[in-house]
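Me: I have a chain open on my screen and would like to be walked through it. Could you take my questions one at a time?

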Amino acid sequence: MQFPPLKRPGTCFTSAENMASDIYAEDIIAHYEHPHNKGKIQNPSESVHEFNPVCGDDIVLYVEIEKGKIKDIKFEGSGCAISMASASMMTDEVKGLTLKDIESMGVEKLIEVLGIDPGPARLKCATLSLRAIKKAVLQYEKKEITKEIKEL
Ligand code: ZN
């Protein structure tokens, strides 16, 4: 599957000055500077391109699903500190979980994982990765159900 080229990095909160703002927990900055699960999965079960036009955050998520669980998950892209830290932390969080677990995840869980409430202005940055993860699961389940129906 081919995606359009990634756009420019997020512009809402990328400077060190903005990152020093007290809403950022240390964890957020650590994950932004050294993201986990950054990269690509060859032949993933699903991949999703998700863009946040408010800020310019842009990610491609790769998911490998096996026996109803997230076996592996990686992301590529660029964006502000919140969006990138969220992608790093959420991919850590969902690895090994079942698709059902992910279906039931909401903003409360995201805030718990991030350790901060990003507030309404930055919520779209924070939820970008969760949207991508949920879309990947939805795409996968749609395919699986379509296969099942064909076999009936
Ligand atoms: Zn952002």
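Reply: The turns below go from the overall fold to single residues.

Me: Good. What kind of model is this?

Reply: This is a predicted model.

Me: How many helices and strands does the chain have?

Reply: The secondary structure consists of six helices and three strands. In sequence order the pattern is α-α-β-β-β-α-α-α-α.

Me: And what share of the residues is buried?

Reply: Of the 152 residues in the chain, 36% are buried. As for contacts between residues at least 6 apart in sequence, 70% of them join residues at least 24 apart.

Me: Let us turn to the sheet. What is the order of its strands?

Reply: The order is S1-S2-S3, in an open sheet of three strands with antiparallel pairing. S1 and S3 each have a single partner strand and stand at the edges, so one side of each has no neighbour in the sheet. On average, and with direction ignored, neighbouring strands are turned by 20° against each other.

Me: Is S1 largely enclosed or open, and why?

Reply: Strand S1, residues 46-52, is largely enclosed by the rest of the structure, because five of its seven residues are buried.

Me: How many bridges join S1 to S2?

Reply: There are seven bridges between these antiparallel strands. Within the pairing, phenylalanine 51 stands opposite aspartate 58 of S2, and asparagine 52 stands opposite aspartate 57 of S2.

Me: What lies between S1 and S2?

Reply: The two strands form a hairpin with four residues between them. In the turn, glycine 56 has a positive phi of about 95°.

Me: Which strands does H3 lie across?

Reply: H3 lies across S1, S2 and S3, and runs at about 170° to S3. H6 also packs on the sheet, where it touches S1 and S2. The direction of H6 makes about 150° with that of S1.

Me: Then how do H3 and H6 cross?

Reply: Helix H3 covers residues 81-94 and helix H6 covers residues 119-151; their axes come within 8 Å and cross at roughly 35°. The crossing is right-handed.

Me: Which residues make that contact?

Reply: From H3 the contact has Ile82, Ser83, Ser86, Ala87, Met90 and Val94. From H6 it has Arg122, Cys125, Ala126, Leu128, Ser129, Leu130 and Ile133. Sorted by class, these are nine nonpolar, three polar and one charged residues.

Me: Moving on to the core: which residues touch the most other members of the largest nonpolar core?

Reply: Those are Leu61 and Ile133, in a core of 32 residues. The elements that contribute two or more residues to this core are helix H2 (26-33), strand S2 (57-66), strand S3 (69-78), H3, helix H5 (107-114) and H6.

Me: What does leucine 61 touch?

Reply: Leaving aside residues up to four places away in sequence, leucine 61 touches Ser47, Val48, Glu50, Phe75, Ala132, Ile133 and Ala136.

Me: New topic: the loops. Where is asparagine 43, and what is its phi?

Reply: Asparagine 43 lies in the loop between H2 and S1. Its phi is positive, about 50°, although the residue is not a glycine. Most residues other than glycine have a negative phi.

Me: Is asparagine 43 buried or exposed?

Reply: Asparagine 43 counts as exposed because it has 7 C-beta neighbours inside 10 Å, and a residue with 12 or fewer is called exposed.

Me: Where is lysine 67 found?

Reply: Lysine 67 is in the loop between S2 and S3. Lysine 67 has a positive phi of about 50° and is not a glycine. With 6 C-beta neighbours inside 10 Å, lysine 67 counts as exposed.

Me: One last residue. Where is isoleucine 41, and what does it touch?

Reply: Isoleucine 41 is placed in the loop between H2 and S1. Not counting residues up to four places away in sequence, isoleucine 41 touches Tyr62, Glu64, Asp72 and Lys74. Isoleucine 41 and lysine 74 are 33 residues apart along the chain, and their C-alpha atoms are separated by 6.6 Å.

Me: How many other C-beta atoms lie within 10 Å of isoleucine 41?

Reply: There are 18 of them, so isoleucine 41 is partly exposed.

Note on methods
Residues numbered from 1 in each chain as written. Predicted model: local features only at pLDDT ≥ 70, side-chain atom pairs only at ≥ 80, totals over all residues. Buried ≥ 20, exposed ≤ 12 C-beta atoms within 10 Å, placed from the backbone. Contact = placed C-beta atoms within 7 Å. Axes fitted to C-alpha atoms, helices over the stretch in contact; angles between N-to-C directions. Left-handed = near helix turned anticlockwise from the far one by under 90°. Nonpolar A, V, L, I, M, F, W, Y, C, P; charged D, E, K, R; others polar. Core = buried A, V, L, I, M, F, W, Y, C linked by C-beta atoms within 7 Å. Pairing = 2+ DSSP bridges.
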